[in-house]
Amino acid sequence: TNHPMNKTSASLSLDYLLQGTDVVIAIFIIVAMSFVPASFVVFLVAEKATKAKHLQFVSGCDPVIYWLANYVWDMLNYLVPATCCIIILFVFDLPAYTSPTNFPAVLSLFLLYGWSITPIMYPASFWFEVPSSAYVFLIVINLFIGITATVATFLLQLFEHDKDLKVVNSYLKSCFLVFPNYNLGHGLMEMAYNEYINEYYAKIGQFDKMKSPFEWDIVTRGLVAMTIEGFIGFFITIMCQYNFFRKPQRLPVSTKPIEDDVDVANERHRVLRGDADNDMLKIENLTKVYKSRKIGRILAVDRLCVGVRPGECFGLLGVNGAGKTTTFKMLTGDESTTGG
């Protein structure tokens with residue numbers, strides 16, 4: 001007979017993989033899900049720029065509660081596009097993602113992707129002043145990391161007969177685990193690849209060689225990584241909120257004499273003597289120095305001493321540039337203090 005010989009498991013699975021559209025679908029899902037978490041930062045940057053976020057803190061809102069509330073709301077919003085993606089997979093009836101065996105793994109990937117990527121986006125809100133800039137930057141980063149990392153490991157996997165490339169691919173897979181975008185895309189691709197191999201083993205009756213999508217190297221390793229990344233991302237956000245990574249510069253209080261008006265000098269002596277220790281508000285040697293590349297050091301507030309007694313109505317007067325606004329920014333925590 002001239003009937004062609006049956007293909008081996010290696011060639012059959014590789015041919016299926018190269019011809020299948022399920023792998024390409026994983027790339028499109030990465031692209032779509034790169035826009036969603038980036039959009040969450042837009043509102044955070046806008047709140048910071050308009051001082052709405054600062055107003056909430058001044059009003060007594062705890063920073064941890066603020067970020068938890070944002071996280072819960074963002075996760076609820078994330079579930080909408082994630083649900084739409086899953087519905088589309090069912091509409092097109094893709095067994096690699098919708099079969100009873102694979103669907104729990106797909107659902108876990110989508111849920112943990114939202115869990116991990118959302119708090120990882122939050123620290124960017126501290127670095128941007130314009131919401132649109134933050135949005136574009138995060139989209140580009142998500143797309144670049146998600147597509148590049150996923151495609152790179154996928155292509156290297158096709159050449160694993162080369163021992164050196166196999167070692168390189170193993171290292172890359174371990175390094176890329178820190179990116180939720182990669183974990184989502186790689187998990188979906190590995191499920192598609194595993195589905196093709198399982199189809200072959202089912203045809204030849206070797207059911208004992210069929211693998212579950214929850215095998216460690218297929219999906220579970222990425223799920224564990226994303227679970228940890230969610231906690232780490234939120235922890236980093238809280239540390240950024242408390243300026244853990246950006247310690248304000250503290251300078252020793254100057255001893256140079258200050259030429260004050262009589263009432264200002266009297267208030268300074270009262271505070272420094274300790275007579276204002278029982279006041280509702282006590283400011284002692286409050287100092288703020290700004291740094292400018294062109295001008296150098298700018299002394300905005302110079303050793304301000306003020307005490308406000310209970311029930312007292314106090315007014316802070318001064319010419320333009322005297323440091324009134326800077327003083328109140330430091331009092332409310334909007335600006336860090338240089339001294340005092």
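Contact here means heavy atoms within 4.5 Å. With that settled, here are the close-ups, all taken from a predicted model.

**View 1. Lys-211, in the loop between helix 9 and helix 10.** Leave out the neighbours within four places in sequence, and Lys-211 is in contact with Asn-194, Asn-198 and Ile-218. Lys-211 comes out as partly exposed, its relative accessible area being 47%. For a sense of distance, take Ile-145: 66 residues separate it from Lys-211 in sequence, and the two C-alpha atoms are 28 Å apart in space.

**View 2. Helix 6 packing with helix 9.** Here residues 103-121 (helix 6) meet residues 180-204 (helix 9), with axes 9 Å apart and an angle of about 170 degrees. Since angles over 145 degrees count as roughly antiparallel, that is what we call helix 6 relative to helix 9. On the helix 6 side, the contact is made by Ala-105, Val-106, Leu-109, Phe-110, Tyr-113, Ser-116, Ile-117 and Ile-120. Helix 9 brings Pro-180, Asn-181, Asn-183, Leu-184, Gly-187, Leu-188 and Met-191. Sort the residues of this contact by type and you get 11 nonpolar, 4 polar and no charged.

**View 3. Helix 7, residues 131-157.** This helix has 27 residues, and from its first C-alpha to its last it reaches 39 Å, close to the 39 Å expected at 1.5 Å a residue.

View 4. Helix 10 covers residues 216-241, which makes 26 residues. Its reach, first C-alpha to last, is 36 Å, close to the 38 Å expected at 1.5 Å a residue.

**View 5. Arg-303 in strand 2.** Strand 2 spans residues 296-308, and Arg-303 sits within that stretch. Is Arg-303 buried or exposed? Buried, with a relative accessible area of 8%. Now pick out Phe-92 as well: it is 211 residues from Arg-303 in sequence and 70 Å from it in space, C-alpha to C-alpha.

**View 6. The two domains of the protein chain.** Domain 1 takes in residues 8-242, and domain 2 takes in residues 262-332. Their C-alpha centres lie 50 Å apart.

Notes. Residues are numbered from 1 along each chain as its sequence is written. This is a predicted model: local features need pLDDT of at least 70, side-chain atom pairs count only at pLDDT 80 or more; totals for chains, interfaces and linings use all residues. Side-chain values use heavy atoms; hydrogens and water are left out. Axes are lines fitted to C-alpha atoms, for helices over the stretch in contact, and angles run from 0 to 180 degrees between N-to-C directions. Helices (H or I, at least four residues) and strands (E, at least two) are DSSP runs, numbered from the N terminus. Angles under 35 degrees count as roughly parallel, over 145 as roughly antiparallel, 65 to 115 as roughly perpendicular and the rest as oblique. Ala, Val, Leu, Ile, Met, Phe, Trp, Tyr, Cys and Pro count as nonpolar, Asp, Glu, Lys and Arg as charged, and the others, Gly among them, as polar. Domain bounds come from an automatic or database domain assignment. The expected span of a helix is 1.5 Å times one less than its number of residues. Buried means under 20% relative accessible area, exposed over 50%, partly exposed in between (1.4 Å probe, protein chains only).
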